[in-house]
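Open the model in your viewer and follow the stops below in order. Each stop says what to select and what is found there.

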Amino acid sequence: MATSSNKKRTAAWYMTRIEASENYRDRTYKERWTRYYKIYRNMVDKLTDRQTGKVITDRSNISIPMAFTMLETILPRLVETLFAARPYVRLRGVPIDVMDFRTNKETKPWEAAARKMEVLLDYQHNVPMDLQDLFISGLKTCCLYGTTVAYTGWRYSERKRIRRELQPVMSDELDPLTGEPMPLMDDDGMTPVQDWQPIEETTIDYDDPEVKFMDLGLFFVDPNAEDIEDARYCGHAAYLSKEELQRMADDDDEMKLDWKKIPKQSAKNKARDYRMNAIGLPNVDDANLEQDGDDSLYEVHFYWEDDRQVIIINRTYLAKDGGNPFWHKKKPYDKDVYCDDPGNFYGIGVMETLYDLQMELNTERNQRIDYRSYSMRRMWKVRRGAVVDRNQLKWRQGGIVEVDKMDDLVTLDASDSNLGNSYNQEATIKKDAQDATGAQDVVMGSSGASETATTTMSKDNNASVRFKMIISSLEKKLLVAISRKMIQLNQQYIDDIRLLPLFDKDEAEWPEISPEEIQGEFFLTPAGSSVEPIANKEAYKQRMVELYNIASKDPFYQQFPLKRRALLEKILEAYDIQDTDELLPTDAELNGQIQQQAVMQFLQTLPPDIAQALIPFAQGAGQQPDPQGAPPDGGIAAGGGANTALMQEQGLQMQESGL
């Protein structure tokens, strides 16, 4: 939402807002997120005596990676479904207005622009950035903490490199006019001697949209907001070097840096350090005690409103307070949740649903290990007054215990704690976890040996319905939303013709895209495959093959090769084969075949001598016609789609001329 206040704002005013958001976030979610991170990393707290506070070392304290397994089972299913087909997002052009539609509905220039932008977007998704890898990180955050936030902006960077280039070899002789070294000449005195020499040049390293998934411990948002759209403000903190900040200021005229006024205290990523300390790993500063002042980082807050961008360094220095540099005039963030918590910005993740079950499973397993350990470390009943050497009671190979009477020493057996029921309880816990997450055995790649096919398919169907809703939300709120911002940034920042080197195609097919060709409005739809159960997909493949076998034998359907090709394309898509254009004949090839079959069909209707005379004119017909006019082996000839009136007229003329 836009801010109408024109009041002069200071760094302190902005930091009041930012710190209020950070305090709310840390107070409400910091400890929760740390607990979820610890069970994902399979870390548990040390056991301590409640009275003495000492660490207990003689009891089992292990963690079973059930939560990790569940998350790493769900995550690939989400990612593979989102990115099952390329391009990941499909575009349709939209006319500017009614007059544009009426004027250009024959040529449809908006569709040509959509095709160009779709190719560019697909190239950017896979070459400058690997969007699928980025989503793996972002969706893992979503499963861990229930929420993920993505930033979409534009990044331009240059770098210097050295390469070899064929250049003249310079001699020690100087030019009398310029004083510059003169090139060394060949024996003829006319041709300069050349050699491959290293040269330094500046090249563009990156000039495309940039997508980053935020660390939730560094992202802040209006505490009263439910989404990015209705938030008054939001932003994130980053830790940058002096060189990076200076480079930002050089590229942004509104950003001003006065290094004398910027506090020099070194900042560190507290959110990351807090997580590392929680699992027993050192801070970055503790791991690198030799760093000097040149390695110091500055804490930079990027504060955004719909019409404003603010940059604050080390919480006190206001480096920028200007307008939103992006033409779309929106906050450059997109957010989605794994499971929505109505009324709250942050959602519910996989770890939250599994936390208590994970603790229960750990307790069951540790209790069982403790029982078995104690039962193997025997206790003894010693008759009071009996002379028994206590050192002889330690278990050892071939050991002897000396007693005066046989009842001086009796083994104290451990009580039967019904250990078998503990295994049943563990199975119940895992079943509860599968029901909570939808990650049934069939989703994890296994099923119970005693389950019927109907039971397995029912579980797969139920799990797929649950994942379908999650994936639909990810497509709309992340994949499509990020792609839409990338389109708007392309229209803003691309100002020259671009050649897209698509290495899966011939160089002659590499597209050139100009700024004028990608303007307009587009309707975006995700292209990921549907989350169909595996059993259902196999059944669908079988039905499609049966349908093609029936249709291909129908004489009426055989007359329409274009329709047969369309049906075959659907079958290939059922087998998840997307590059059908390389496997099927083109329209030109198919039209040529149809015309050729029509010619052969016409020749079969002519007398044998005339048909023989016309055969040389029908090159590439495939089979020679039967002289008696019978159709070739294989039944009715396909075709009939071409107009044969001209060919019949030519045949009659040749017949009249005596051919």
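The model is a predicted one.

**Stop 1: Arg315**

Select Arg315, in the loop that runs between β9 (308-313) and β10 (317-322). Its phi is positive, near 65 degrees, in a residue other than glycine. Arg315 has a relative accessible area of 28% and is therefore partly exposed.

**Stop 2**

Go to Lys108, in the loop between α3 (98-104) and α4 (109-126). Lys108 is not a glycine, yet its phi is positive, about 50 degrees. With a relative accessible area of 42%, Lys108 is partly exposed.

Now select Arg86 and Pro87, which are joined by a cis peptide bond with an omega of about -5 degrees. Pro87 sits in the loop between α2 and β1 (89-94).

**Stop 3: α1 against α5**

Select residues 11-40 for helix α1 and residues 131-145 for helix α5. Two packed helices are described by the angle between their axes and the distance between the axes. Here the angle is about 110 degrees and the axes are 9 Å apart. The two helices, α1 and α5, are therefore roughly perpendicular to each other. Show side chains to see the contact: α1 brings Trp33, Tyr36, Tyr37 and Tyr40, while α5 brings Lys140, Leu144 and Tyr145. By class, six of these residues are nonpolar, none is polar and one is charged.

**Stop 4: Ile64**

Move to Ile64, in the loop between α1 and α2 (66-82). Is Ile64 buried or exposed? Ile64 is buried, at a relative accessible area of 13%. Leaving out residues up to four places away in sequence, Ile64 touches Asn42, Gln358, Leu361, Asn362 and Arg365.

**Stop 5: salt bridges**

Side chains of opposite charge can pair when their charged atoms come close. How many salt bridges does a search of the whole structure find? The search finds 34.

Begin with Arg59 and Asp370, whose side chains meet in a salt bridge at 3.9 Å, N to O. This pair links distant parts of the chain, with Arg59 in the loop between α1 and α2 and Asp370 in helix α9 (residues 350-376), 311 residues apart. Arg59 is partly exposed at 42% relative accessibility, whereas Asp370 is buried at 11%.

Next select Glu305 and Arg9, which form a salt bridge of 2.9 Å, N to O. Glu305 belongs to strand β8 (residues 298-305) and Arg9 to the segment before α1, 296 residues apart. Both Glu305 and Arg9 are buried.

Then pick Arg25 and Asp26, a salt bridge with its closest N and O atoms 3.0 Å apart. Arg25 is buried, with a relative accessible area of 6%, and Asp26 is partly exposed, with 29%.

**Stop 6: α7 and its ends**

Finish at helix α7, residues 270-278, where Ala271, Asp273, Arg275 and Met276 are the buried residues. At the N-terminal end, Asn269 caps α7, with a side-chain oxygen 3.2 Å from the backbone nitrogen of Ala271. Following α7 is Gly280, with a positive phi near 85 degrees.

How values were computed: Residues numbered from 1 in each chain as written. Predicted model: local features only at pLDDT ≥ 70, side-chain atom pairs only at ≥ 80, totals over all residues. Heavy atoms only, no water. Buried < 20%, exposed > 50% of the residue type's maximum accessible area, 1.4 Å probe, protein only. Helix = DSSP H or I, 4+ residues; strand = E, 2+ residues; numbered from the N terminus. Polar contact = N/O pair within 3.5 Å; in protein donor to acceptor, adjacent residues only side chain to side chain. Axes fitted to C-alpha atoms, helices over the stretch in contact; angles between N-to-C directions. Parallel < 35°, antiparallel > 145°, perpendicular 65-115°, else oblique. Contact = heavy atoms within 4.5 Å. Nonpolar A, V, L, I, M, F, W, Y, C, P; charged D, E, K, R; others polar. Salt bridge = Lys/Arg side-chain N within 4 Å of Asp/Glu carboxyl O.
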